[in-house]
Amino acid sequence: MATLSHFLTKPPHSSAFHPPSSSAASTSTSAVLRLASPKTRHLSPKQITRTTTNHRRIRVFPVARAGGAASAGTKGSPAARDEKVQKIHSSEEFDAALKAAKNKLVVVEYGASDSDQSNQIYPFMVELSRSCNDVVFLLVMSDESDKTRELCRREKIDKVPHFSFYKSMDKIHEEEGIGPDQLMGDVLYYGDNHSEVVQLHGRADVEKLIDDHRTDKKLIVLDVGLKHCGPCVKVYPTVLKLSRQMSDAVVFARMNGDENDSCMEFLRDMNVIEVPTFLFIRDGDIKGRYVGSGKGELIGEILRYQGVRIT
């Protein structure tokens, strides 16, 4: 059995760790990584493409409508219904809002008054804004004015609804034509700062987590993924739920391999070639791993490494 502390003190060759051959090494619904050469900084996930027709192209020039367009902020418009979603009317307001958010997650919806899907998903974003106090929600109505159209051109938004996710003023993720479940999953995955899941940012964090739990003998479940990995986002709400239900016996942690060089080095040392990969660690030893995003399979593997017999 490979010992994690050995990898932490002296990185092995890529062949030094061989994952156990068992049904746990499932590759269904996982994204494949292409291992980089030593000179390469990043591992790239295989492109996961989504074809959708549930969005419409933005009209980037003023269009006259019979009766006039409903603008954000007027009575009955989406932004008027909830004060926790900040209305953005110009590029200057947009930049100021990103700066004011600092390291909080910022979720931006680009919508349009004549987009049925924008109108349908906005109430769900309002509900998220009420429950996610550590996330900043912004609304840009693309057809509100020349200034909002200019902002959409600058941000290269040509279809709505479009969601962009920012941290520290950097765009970290974006989606088009998504539904409520996908939006909630994205918000949890990119903005979860106060859960029972320990956020790890490098090899030193992994080593400290192991040392912290040598005496209590808790099983550590380390969720390794990438920032732009659909299956990683899909399974994360399950990870969150389990972290709350099993906190007495299991410690859940998460690392995004493409966050920095130290994380990427850790993925190479652990021979992680697909994400999400869940490493099961106890007393500094890697007891096994599960590759995939199946909820039932993940729960079964956690129980198995806790010593619970599954019949």
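The predicted model holds one disulfide, formed between Cys229 and Cys232 with an S to S distance of 2.4 Å. The torsion about the S-S bond of Cys229 and Cys232 is about 80°, so the disulfide is right-handed. Both partners, Cys229 and Cys232, are buried. Two further cysteines were examined for accessibility. Cys152 has a relative accessibility of 1% and therefore counts as buried; Cys263, at 0% relative accessibility, is likewise buried.

At the level of the whole chain, nine helices and 15 strands are assigned. Of the 311 residues in the chain, 48% are buried. The accessible surface of the chain amounts to about 15,400 Å², and carbon and sulfur atoms contribute 50% of this area. When contacts between residues at least 6 apart in sequence are considered, 74% of them join residues at least 24 apart.

Five strands are arranged in an open sheet of mixed pairing, in the order β4-β6-β5-β8-β9. From one strand to the next, the twist averages 25°. Helix α5 (residues 180–191) packs on this sheet and touches β5, β6, β8 and β9, its direction making about 10° with that of β8. Helix α2 lies across β4, β5, β6 and β8 (162–167), and runs at about 145° to β4.

Within the sheet, strand β6 (residues 135–141) is mostly covered, with seven of its seven residues buried. In a regular strand the side chains alternate between the two faces of the sheet. In β6, Val135, Phe137, Leu139 and Met141 point one way, whereas Val136, Leu138 and Val140 point the other way, and all of these residues are buried. The pairing of β6 can be described for each of two partners. With strand β4 (residues 85–88), β6 pairs in the parallel sense over four bridges, and Lys87 stands opposite Leu139 of β6. With strand β5 (residues 105–111), β6 also runs parallel, the two being joined by seven bridges. In this second pairing, Val107 stands opposite Phe137 of β6, and Tyr110 is placed opposite Val140 of β6.

Ala97 provides a residue-level view of helix α2 (residues 91–101), in which it lies. A residue counts as buried under 20% relative accessible area; Ala97, with a relative accessible area of 8%, is therefore buried. Leaving aside neighbours within four places in sequence, Ala97 is in contact with Gln86, Ile88 and Leu138. Of these residues, Leu138 belongs to the β6 set formed by Val136, Leu138 and Val140, which point one way from the strand. Gln86 and Ala97 are eleven residues apart along the chain, and their C-alpha atoms are separated by 8.7 Å.

Several backbone features were located in loops. The peptide bond from Val160 to Pro161 is cis, with omega near -5°, and Pro161 lies in the loop between β7 (159–160) and β8. A cis peptide bond also joins Val275 and Pro276, where omega is about 0°; Pro276 is found in the loop between β13 (274–275) and β14 (277–282).

Lys102, which is not a glycine, has a phi of about 55° and is found in the loop between α2 and β5. The relative accessible area of Lys102 is 62%, so this residue is exposed. Ser168, also a residue other than glycine, has a positive phi near 55° and is found in the loop between β8 and β9. At 44% relative accessibility, Ser168 counts as partly exposed.

Definitions and conventions. Residues are numbered from 1 along each chain as its sequence is written. This is a predicted model: local features need pLDDT of at least 70, side-chain atom pairs count only at pLDDT 80 or more; totals for chains, interfaces and linings use all residues. Side-chain values use heavy atoms; hydrogens and water are left out. Buried means under 20% relative accessible area, exposed over 50%, partly exposed in between (1.4 Å probe, protein chains only). Contact means heavy atoms within 4.5 Å. Accessible areas come from the Shrake-Rupley method with a 1.4 Å probe; for residues, only the protein chains shown count as cover. Two strands pair if DSSP finds at least two bridges between them. A disulfide is a pair of cysteine sulfur atoms within 2.5 Å. Axes are lines fitted to C-alpha atoms, for helices over the stretch in contact, and angles run from 0 to 180 degrees between N-to-C directions.
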